[in-house]
Amino acid sequence: MTVHMVNGSGIAVEEVWRTDRPVRSGAWGEAVFSEDGELLFYAARLGPQPIYRERVRELYENALRFTWERGYTDLVRMWNLIGDITGPNAEGAEIYRDFCVGRAEAFATWEAQFPQLPAATGIGTLSPGIDLCFLATKQGRTVHLENPRQTPAYQYPSRYGPRSPSFARATFLHGEQTSSLFVSGTASILGEDTAHAGDIERQTLETLRNIDVLVGRDNLSRHGLHGYGYAVQDLDQVKVYVRDPEHIATVRDICAQTFHSETEIAYFNVGVCRPDLLVEIEGVCR
Ligand SMILES: C=C(O[C@@H]1C=C(C(=O)O)C=C[C@H]1O)C(=O)O
């Protein structure tokens with residue numbers, strides 16, 4: 001799936017998920033998929049809509065139905081790439097909040113099959129419409145985590161939207177050879193509120209601190225993952241989303257001081273899910 005997230009002099013990024021098993025690929029309605037019997041990758045695009053919630057509900061219900069019927073019972077990691085994410089829909093409501101209504105309704109319909117929410121990202125793109133892609137796996141291989149520094153997103157109060165966002169802060173995937181901790185898009189939110197509005201440096205440092213606590217040994221043990229523990233420096237396949245181009249240099253400097261020199265890291269100048277969030281970071285620990 002090609003998503004418009006880089007403009008002008010930006011560097012295009014290609015993300016490839018590999019497996020050592022034979023892969024079957026195909027199309028299903030508006031979606032495309034690849035699967036190897038253990039993991040499913042699904043991608044679908046929803047074109048621009050005046051009001052999104054109904055079409056998002058259909059998009060997600062189709063995705064969850066396909067996933068379940070193909071025998072993949074555990075959602076691992078979802079990406080929601082949303083054009084003009086904090087812009088207004090035809091009713092004047094933020095597109096992101098409109099999106100969250102449709103997503104929450106679909107998860108409510110499929111709660112019996114998918115009772116737990118996975119790690120996710122909901123971030124802006126540079127073209128209208130919504131691109132959805134995700135990884136799913138077989139029974140019993142995932143543990144979904146929350147962050148003691150943050151209110152679970154699905155418990156955000158209604159001042160952040162009529163339906164709260166449907167995602168966990170991270171998902172741990174038990175692999176046959178290796179395990180992976182998928183860290184959701186993380187921002188400078190403490191509890192349920194944005195911290196350090198207007199201050200890119202402090203938002204970036206708070207975001208990194210949130211990730212450090214999320215992936216740390218204490219938090220993993222709290223979720224029954226004894227013997228595992230990471231630090232923010234262990235994050236790889238890092239994606240950094242920066243709202244304002246003039247902030248990119250500052251964020252790059254802070255990330256350069258935080259991550260190992262060999263860390264794969266990509267920067268995108270796109271909108272974030274709240275108007276007062278300036279930066280967001282995601283990645284994978286292995
Ligand atoms: C940054 C936050 O939310 C963002 C939106 C998400 C979504 O709606 O799926 C997931 C993670 C982030 O990309 C947050 O609420 O902490």
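Asp84 is partly exposed, with a relative accessible area of 48%; here buried means under 20% relative accessible area, exposed over 50%, and partly exposed in between, using a 1.4 Å probe and protein chains only. Asp84 sits in the loop between strand E4 (74-83) and helix H2 (95-109), where helices (H or I, at least four residues) and strands (E, at least two) are DSSP runs numbered from the N terminus. Although not a glycine, Asp84 has a positive phi of about 50°. Most residues other than glycine have a negative phi.

A word on the source: this is a predicted model, in which local features need pLDDT of at least 70 and side-chain atom pairs count only at pLDDT 80 or more, while totals for chains, interfaces and linings use all residues. Residues are numbered from 1 along each chain as its sequence is written, and side-chain values use heavy atoms, with hydrogens and water left out.

Gln237 also has a positive phi, of about 45°. Is Gln237 buried or exposed? Gln237 is buried, with a relative accessible area of 18%, and its place is in strand E12 (residues 236-242).

I turn to helix H5 (residues 248-258). Its buried residues are Val251, Ile254, Cys255 and Thr258. Seen down the helix axis, these fall within an arc of 100°, so they line one face of H5; the arc is that of the directions from the axis to the C-beta atoms. Ala256 and Gln257, on the other side of H5, are exposed. The buried residues of H5 pack against helix H3 (200-215), E12, strand E13 (265-269) and strand E14 (279-285).

Next, the cores. A nonpolar core is a set of buried Ala, Val, Leu, Ile, Met, Phe, Trp, Tyr and Cys residues joined through side-chain atoms within 4.5 Å. Which members of the largest one, with its 56 residues, touch the most other members? They are Tyr42, Tyr60, Leu75, Met78, Phe99 and Phe134. Elements that each supply at least two residues of this core include E4, H2 and E13. A second, separate core of 28 residues includes Ala170, Ile211, Val251 and Val279. Returning to Tyr60, and leaving aside neighbours within four places in sequence, its contacts (heavy atoms within 4.5 Å) are Met78, Asn80, Phe99, Arg103, Ala106, Phe107 and Leu132. In soluble globular proteins, nonpolar side chains tend to be buried together.
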